[in-house]
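Dear colleague,

I am handing over a structure for you to look at, and below it you will find notes on what was found in it. Please keep the structure open beside the notes as you read.

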Amino acid sequence: GDVNYRNDPHPLVGAFPRDMIVEFDLGGEYRAGLNGYFSGITAYVEERMRLYRGRGAKGFAVRHVDWLGDVSISEADTFFAMGWNPAANGPATQRRLLARRYAQAGADALCSLLRLGEEIVRCDLHILGLNAFGCFGFLPETLTRTQYNVMNHCARMTAGGEARIRAALDDETAVLCEKERAAALCDEFLAVVEQARGTLPDSVLDPIETSGRIMRACVPMHRIAAQMLLCRMRLERSLYIDERLHEAHRLRKLAAEAQAWLLAQGEELRRVNLQELSQAYGAHPFKPFGFGASGRLPVDNIQTLLQRLQAEYDPIYDFFTWNIII
């Protein structure tokens with residue numbers, strides 16, 4: 001429950017007659033923390049800590065602290081403060097800790113940016129509250145993996161999750177509105193960065209602005225990817241050739257949109273100053289873009305996804321077209 005963090009609270013906490021410790025992911029493994037996304041979950045952690053204490057949890061652990069940078073390390077400082085003091089107010093504690101370093105006006109701006117970043121993650125990397133694109137690379141190499149994450153890891157672990165997806169298969173409006181909201185939040189995020197100029201040093205704001213530009217650039221791709229996933233699921237469930245042909249044709253159109261996005265944004269994302277981002281998100285200069293052991297960028301995943309999509313669905317499209325012609 002605390003990896004795909006918007007899932008329902010973990011049902012096993014308090015279910016066994018043994019002491020239990022709950023782990024939280026502060027580095028954002030499932031919030032594109034390896035891809036330059038800037039967000040904070042202090043309010044969420046406070047809420048879950050209170051709930052799990054009530055269920056008998058004896059302590060809390062944290063992972064991926066090494067992914068945090070100069071500003072986001074306040075997430076860890078606040079986590080430990082709340083761990084020691086059950087009465088601590090998370091957001092207020094974080095604001096106070098940041099004010100010691102950046103003065104009150106700077107702390108207010110940074111807290112706003114951390115909050116906005118988390119809202120962007122919720123709208124951009126999720127589909128109706130279910131994590132779709134947030135793990136490591138911001139887009140998996142296959143729609144199969146995305147579907148598995150949305151349905152098996154999230155929808156079946158969240159009350160009403162499967163019903164939300166079934167409704168979206170019939171009407172994508174809510175999903176499209178979710179992505180429009182993400183774009184608007186990115187614009188607000190970048191506006192807050194500009195307003196904070198003069199209050200905070202450029203060395204703090206420049207990497208955060210870069211993060212905002214990355215998030216804004218990726219929203220259209222996640223809108224396309226969400227539609228592709230729903231299209232694929234409709235194609236799989238349909239028993240009628242004309243419906244399957246329609247969905248296969250739409251997948252082709254969406255793949256063309258994804259290709260256009262890749263041509264327009266891919267190289268720009270490759271040119272982002274990785275060293276600049278590393279100062280904000282951790283010591284390893286490649287971490288913000290999830291290079292990992294393979295050295296691949298997430299934009300490479302998109303190219304692979306399109307190639308696999310073409311190999312998987314072009315024969316289906318051609319087969320159905322031929323049968324209809326006959």
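**Cysteines and disulfides**

A search of the whole structure turns up 0 disulfides, a disulfide being a pair of cysteine sulfur atoms within 2.5 Å. Cysteine 218 is in no disulfide, and the nearest cysteine sulfur, which belongs to cysteine 186, is 8.9 Å away. Cysteine 218 is buried, with a relative accessible area of 0%, where buried means under 20% relative accessible area, exposed over 50% and partly exposed in between, using a 1.4 Å probe and protein chains only. Cysteine 111 also counts as buried, because its relative accessibility is 9%.

Please bear in mind that this is a predicted model, in which local features need pLDDT of at least 70 and side-chain atom pairs count only at pLDDT 80 or more, while totals for chains, interfaces and linings use all residues. Residues are numbered from 1 along each chain as its sequence is written, and side-chain values use heavy atoms, with hydrogens and water left out.

**The chain and helix H4**

The protein chain has 10 helices and 4 strands, which are DSSP runs numbered from the N terminus (helices are H or I with at least four residues, strands E with at least two). Of the 326 residues of the chain, 53% count as buried.

Helix H4 covers residues 143-154, and its 12 residues should span 16 Å at 1.5 Å a residue, which agrees with the 15 Å between its end C-alpha atoms; the expected span is 1.5 Å times one less than the number of residues. The buried residues of H4 are Leu143, Thr146, Gln147, Asn149, Val150, Met151 and Cys154. They lie on the same side of H4, because they cover an arc of only 165 degrees around the axis, the arc being that of the directions from the helix axis to the C-beta atoms.

**Isoleucine 120**

Isoleucine 120 lies in helix H3 and counts as buried, at 0% relative accessibility. Although isoleucine 120 and valine 219 are 99 residues apart in sequence, they are 9.2 Å apart in space, C-alpha to C-alpha.
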